[in-house]
Amino acid sequence: MSRIYYGWMVVAANVAIYTLIVGATYSSYGLFVLPISHELGLSRAAANSGAILMNLGMAAQAPFVGMLLDRVPAKGMMIFGSLLFAAAFALLALSHSLWLNAAVLAVLLPFAFQATGSLTAPLLIVRWFTVQRGRAMAISQLGLALGGVVLPPIVGGLIEQGGWRHALQVMGWVGAALLLAIAVAIRERPGPGDRERGAGELTPPQQQPTATQAPTRLKVGQILGSPEFWTINFSCGLVVAMATALLITLAPLARASGFSMIQSASLVSIMSTFAIISMLLLAVVADRIDRIVVLSILFALGAAVSLELMISHGYALLAVAAAAMGLIQGATAPMQYALLADRFGAASFGAVTGLASPLIAGLGLLTIRFSGEVFDRTGGYDVLFASFAALQLVAAGTILLTRFARSKSKADGMIRAASR
């Protein structure tokens with residue numbers, strides 16, 4: 001009986017890592033807003049600004065962390081990140097200084113978040129998988145959704161039991177202990193006896209080596225000079241940013257249309273549920289499909305969803321829109337990572353994803369701000385939905401350009417030279 005390929009243990013570890021770090025930060029953030037506002041005398045906007053600081057911190061640090069991951073052992077980064085995770089939560093729990101809190105949220109916690117998982121986890125998948133890379137990437141990112149299901153009830157109970165400072169301390173120490181245990185136990189590269197099922201056989205078309213899939217590490221200029229870097233990350237980042245803005249918009253839209261709070265909240269649950277379904281479906285078919293074609297179809301579907309939201313605000317149509325956006329959002333990030341690995345290779349994957357993070361974060365901030373500005377200026381969201389429909393079509397066309405950008409890249413000559 002053949003033993004289980006260790007790469008699948010890495011996938012399971014990544015699910016646990018994502019569940020812990022996303023659940024303890026973004027998914028649980030809203031639970032701290034009211035108690036922190038009351039104790040520190042903050043406005044709601046000031047209390048919410050912590051999430052913006054985290055996003056800005058991650059965008060600023062991601063290129064550095066990504067390039068560092070291509071040069072130092074991932075295990076060491078994960079161990080250091082786990083310790084920093086505990087330190088960040090401990091400081092937030094003990095601090096009474098807004099400036100110290102801001103520094104922790106903008107510097108320490110983003111580094112810990114990326115070193116323990118958000119950049120390290122997909123890098124490990126790329127190193128362990130080639131033939132089944134798309135499936136492994138999709139399954140590993142289930143933790144992004146599970147974090148919002150598992151952690152918030154636990155965190156809410158801790159806050160009710162001992163207050164928000166107590167909850168932060170427990171989250172920090174327990175979370176760091178679990179992350180540290182995973183980091184110590186995990187193997188970051190395959191050994192001589194590790195063989196992925198199907199390795200050595202003819203791989204799917206999208207996994208055939210390309211001019212940009214060099215065996216050596218690429219320089220920053222070579223990466224940024226490749227049109228594929230921009231077509232993949234701009235299109236996927238734009239779609240994820242619009243999905244996030246729509247997620248924020250659905251509940252207020254439903255309330256304005258006369259639906260109850262429970263009905264409005266259920267739209268968010270529908271979107272998250274279908275994101276999980278999308279990842280599970282992708283786990284079955286991801287390595288048998290043309291990633292670029294599927295993404296272009298999904299992005300075009302997003303345009304149809306945006307137009308649908310302009311036509312009617314009935315609950316059934318809002319639920320259908322939430323389900324469709326969940327399917328799109330759940331599939332986009334795993335396929336984006338898989339495409340980047342296919343095009344740029346494992347040796348440069350950390351640098352590529354790190355350099356992409358500021359672009360993706362910037363698109364997210366712009367779309368969220370734009371959605372608020374549209375409502376404030378027009379009193380509705382029709383302009384937003386019309387704009388998003390057009391931008392979804394732009395994203396669909398841009399991802400299709402990846403096919404043509406490969407052979408026309410000015411950086412190809414440099415990359416081929418680096419691979420010799």
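**Reading a helical model, step by step**

Guide: Let's start at T367, which has its place in helix α15 (residues 349-378). Keep in mind that what you're looking at is a predicted model.

Visitor: Okay. Is T367 buried or exposed?

Guide: The idea is to look at the relative accessible area, where under 20% counts as buried. T367 has a relative accessible area of 7%, so T367 is buried.

Visitor: Which residues is T367 in contact with, leaving aside its neighbours within four places in sequence?

Guide: T367 is in contact with A241, M242, A245 and F388. Also try finding L238: its C-alpha atom is 8.5 Å from that of T367, although the two residues are 129 apart along the chain.

Visitor: Can we try another residue? Where is I21 found?

Guide: I21 belongs to helix α1 (residues 7-24). Its relative accessible area is 0%, so I21 is buried too. Not counting residues up to four places away in sequence, I21 touches F85, F113, T116, G117, S118 and L179.

Visitor: Let's zoom out. How many helices and strands does the protein chain have?

Guide: The secondary structure comes to 17 helices and zero strands. Of the 420 residues in the chain, 52% are buried. And if you take contacts between residues at least 6 apart in sequence, 85% of them join residues at least 24 apart.

Visitor: Now, how do I read a pair of packed helices?

Guide: You describe two packed helices by the angle between their axes and the distance between the axes. Take α13 (residues 291-311) and α14: they pack at about 155°, with axes 9 Å apart. Angles over 145 degrees count as roughly antiparallel, so α13 and α14 are roughly antiparallel to each other. Their crossing is left-handed, and the residues in contact divide into 19 nonpolar, two polar and four charged.

Visitor: What about helix α6 and helix α7? At what angle do they pack?

Guide: Helix α6 (residues 120-128) and helix α7 (residues 133-140) pack at about 155°, with their axes 9 Å apart. That makes α6 and α7 roughly antiparallel as well, but here the crossing is right-handed. P122, I125 and V126 of α6 make the contact with R133, A136, M137 and S140 of α7. By class, that is five nonpolar, one polar and one charged.

Visitor: And at what angle do α8 and α9 pack?

Guide: Helix α8 (residues 142-162) and helix α9 (residues 164-185) pack at about 130°, with axes 7 Å apart. α8 and α9 are therefore oblique to each other, and they cross in a right-handed way. On the α8 side look for V155, L158, I159, Q161 and G162; on the α9 side, W164, H166, A167, V170 and M171. The contact has seven nonpolar, three polar and no charged residues.

Visitor: What's the idea behind a nonpolar core?

Guide: In soluble globular proteins, nonpolar side chains tend to be buried together. Here, the largest nonpolar core has 115 residues, and F32, F85, F299 and L318 touch the most other members. Helix α14 (residues 315-344) gives the largest share of this core, 15 residues.

Visitor: Which residues is F299 in contact with?

Guide: Leaving aside neighbours within four places in sequence, F299 is in contact with S235, C236, V239, T332, Q392, A395, A396 and I399. Find F299 in the structure and trace them one by one!

Methods:
Residues numbered from 1 in each chain as written. Predicted model: local features only at pLDDT ≥ 70, side-chain atom pairs only at ≥ 80, totals over all residues. Heavy atoms only, no water. Axes fitted to C-alpha atoms, helices over the stretch in contact; angles between N-to-C directions. Helix = DSSP H or I, 4+ residues; strand = E, 2+ residues; numbered from the N terminus. Parallel < 35°, antiparallel > 145°, perpendicular 65-115°, else oblique. Left-handed = near helix turned anticlockwise from the far one by under 90°. Contact = heavy atoms within 4.5 Å. Nonpolar A, V, L, I, M, F, W, Y, C, P; charged D, E, K, R; others polar. Core = buried A, V, L, I, M, F, W, Y, C linked by side-chain atoms within 4.5 Å. Buried < 20%, exposed > 50% of the residue type's maximum accessible area, 1.4 Å probe, protein only.
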